[in-house]
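Visitor: Hi, can you walk me through this one? I'm new to reading structures.
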Amino acid sequence: MPDRSKTLYEKIWDAHVIEQVTDGPSVLYIDRHLIHEVTSPQAFAGLAQRGVGVRRPDKTSATVDHSLPTTPRNEPIADAQAKNQIETLRQNCAAHRVTLYDVESGQQGIVHVIGPELGLTQPGQTIVCGDSHTSTHGAFGALAFGIGTSEVELVLATQCLLQAPSKTMEIRVEGCLKPGVTAKDIILFIISRIGVGGGTGHVIEYTGSAITGLSMEGRMTVCNMSIEAGARAGLIAPDHTTVEYLRGRPCVPQGEAFDEAAQAWLALKTDDGAVYDRQILLKAEDIEPMVTYGTNPGMALGISQTVPAAMSDGDEDYVAALAYMQLEAGQPIAGTAIDVAFIGSCTNSRIEDLRAAAAIAKGRKVHHRVRGLVVPGSEAIKQQAESEDLHRIFMAAGFEWREPGCSMCIAMNGDMVAPGQACASTSNRNFKGRQGKGSRTFLMSPAMAVAAAIEGALVDVRTLAPAGLDAEGVC
Amino acid sequence: MEAFVQLESTCMPFWRDDIDTDQIIPARFLKGTTRTGYGQNLFYDWRYDEQGQLKPASASVFNDPRYAGAQILVSGHNFGCGSSREHAPWALKDFGFCVVIAVSFADIFYNNALKNSLLPVALPKQVVTGLIEAVQADASCQVVVDLATQQVQLPGGAQHAFDINPFRKQCLLEGVDDVGFVLARLAQIEAWEAARP
């Protein structure tokens, strides 16, 4: 009997199952394990207790990002706990021969930025990390998902996980995006439609012309926020855009071996006739620049819209969310004042994001009431941006230009939004207190966050007044 | 891992949907390098005001003495969404919870809970709302959660079955963790690696 048609997810899954445990999960082989300072120390301590080493240090890669200050690197780390966490990672990596992309290696950065950048992330792989935004790497057609620290310990010890298979969901976005609409707007639109639990138990494969038309940076933004819809992972089938992004990266095969690998990658796709457990079709034309208004990423709307009323009477969660955000049902979301603008995070800190942000910032000034931060995702991106003089554009506009790290997305490293303040943020979570106790987060694209920084309020980037006469226009 | 067999306890009613792990334990408390000591910061921003003082019982169910000592937390849809931090189940356990009953759970939290003997029990919405009403009316009422029979006995005696993967159930009943199970298969893993194209 011929093999039945399979989805991309099923192909990668089947290729990594070592054993199907009776009445239980599968022993799933992991090709790449990424670790960082916050969720790994307890796992290494667990190994020590068991007297076990790291089984495949060659398949394990580390960096520092979450707790690391984004202030100049020659300044000491003031927070003793953060410093200890970073030192602990350094010791663990040295003791277990794990490659650490440390500060000033030229390769340090947010774990989900440097994996693809170094070519550690490759199509068809299984990739895990003790971080929920591991879904980012699915943009390359890799099965990538976040795990807890006990699972980090398991992968360090065995290079395997015990996993049950997920259901599959296709989200097809067809058509052309309107000018000014980005990958961030696509994913916020999707989550606003299916909800923050809409993807639970599923791996989402994104298809359709609006997805395949995206750059790798855009695809990473989409897959990154799959977890915000509750999905286990996001996937996009590899194509020539994927291959060209990876060509020449330090950790991919080189020369003829690359071309051979690329042939295999291009064959990785969902078969005609394969069946997904669930399918959703969306039209790219329906998407406008999006912003969130509530306290989860599903509470998002187009910038031209008004804050909706609760769907049902007595919805305490909804009432509490609007009260926390200091919004009222019926008010236009545009015009909402902000205090901080943050351009960064594993969602939107790549070179294309910085170019889009700089294009809006050029020749304009950050509103006098607003603090603006630009935090590149990696040392390599920072260097690239500086070679393009983007940092001069940001600084001339009044933005702070900082060192790479997770920064104000998770507010662990001293970069925080003050209680009650509102932040236009390119990150991924608008949970209560996520950017600091009492912080109010509005998620949006880099261009929209810069526009908000300039206006001092949420605004449709497409309606921004022309920049000063010295500006050379947007690219 | 500690075994979980059966629990009889009072309940903490926390009727909210989409409780994310940033609520369970805010990121600023994740700078430790151990698995212990997170309970004091559990639901910190729900329990403490801007000045770091405990909120009154009227403003936070966690500070309501009627529910002190409850080992079962009861909540709504999509409990534990967001960040994969295992500090969330560590904090819940450290605070004293052994079971979370909810309408549904986020995937990563559910997995992390099972690895820490924190039993996640998903029950239909009407059952959970009924339980919430019962414990709001009488905080002293007891619920029995029995893993072997996969049954929850609610106040008043009604029984409700819950689902759990048979392998995970056995691991919890016996207090066995994944690492030993997979380490026992090292030869098989090595053979698989060697045979890989």
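Guide: We'll go from the overall fold to one serine, then to the cavities. Keep in mind that this is a predicted model.

Visitor: How many helices and strands does chain A have?
Guide: Chain A has 15 helices and 19 strands.

Visitor: And what does chain A span along its principal axes?
Guide: The C-alpha trace spans about 60 × 55 × 50 Å. The radius of gyration of chain A is 22 Å. A compact globule of 475 residues would have one near 23 Å, so chain A agrees with that.

Visitor: What share of the residues counts as buried?
Guide: Of the 475 residues in chain A, 64% count as buried.

Visitor: New topic. Where is A:Ser427?
Guide: A:Ser427 lies in the loop between β18 (422-425) and β19 (440-443) of chain A.

Visitor: Is A:Ser427 buried or exposed?
Guide: Buried, because its relative accessibility is 0%, and the cut-off for buried is under 20%.

Visitor: Which side chain does A:Ser427 join in a polar contact?
Guide: That of A:Ser425, at 2.6 Å. Beyond its neighbours within four places in sequence, A:Ser427 also touches other residues, including A:Lys184, A:Met225, A:Phe342 and A:Leu443.

Visitor: Now the cavities. How many are there of 30 Å³ or more?
Guide: A search of the whole structure finds six. The largest cavity has a volume of about 220 Å³. It is lined by 23 residues, and those closest to its centre are A:His66, A:Asp131, A:His133, A:Ile410 and A:Arg434.

Visitor: How does the lining of the largest cavity divide?
Guide: Into eight nonpolar, 11 polar and four charged residues.

Key. Residues are numbered from 1 along each chain as its sequence is written. Chains are lettered from A and ligands numbered from 1 in the order in which they are written. This is a predicted model: local features need pLDDT of at least 70, side-chain atom pairs count only at pLDDT 80 or more; totals for chains, interfaces and linings use all residues. Side-chain values use heavy atoms; hydrogens and water are left out. Helices (H or I, at least four residues) and strands (E, at least two) are DSSP runs, numbered from the N terminus. Buried means under 20% relative accessible area, exposed over 50%, partly exposed in between (1.4 Å probe, protein chains only). A polar contact is a pair of N or O atoms within 3.5 Å; within protein, one must be able to donate a hydrogen and the other to accept it, and residues adjacent in sequence count only if both atoms are side-chain atoms. Contact means heavy atoms within 4.5 Å. On a 1 Å grid over the protein atoms alone, a cavity is a set of points where a 1.4 Å probe fits but cannot get out, and a pocket is an open set with protein on both sides within 12 Å along at least five of seven lines; lining residues have an atom within 4 Å of a point. Grid points are joined across faces, edges and corners, and a volume is the space filled by probe spheres set on the points. Ala, Val, Leu, Ile, Met, Phe, Trp, Tyr, Cys and Pro count as nonpolar, Asp, Glu, Lys and Arg as charged, and the others, Gly among them, as polar. The radius of gyration is taken over C-alpha atoms; the globule rule is 2.2 Å times the number of residues to the power 0.38.
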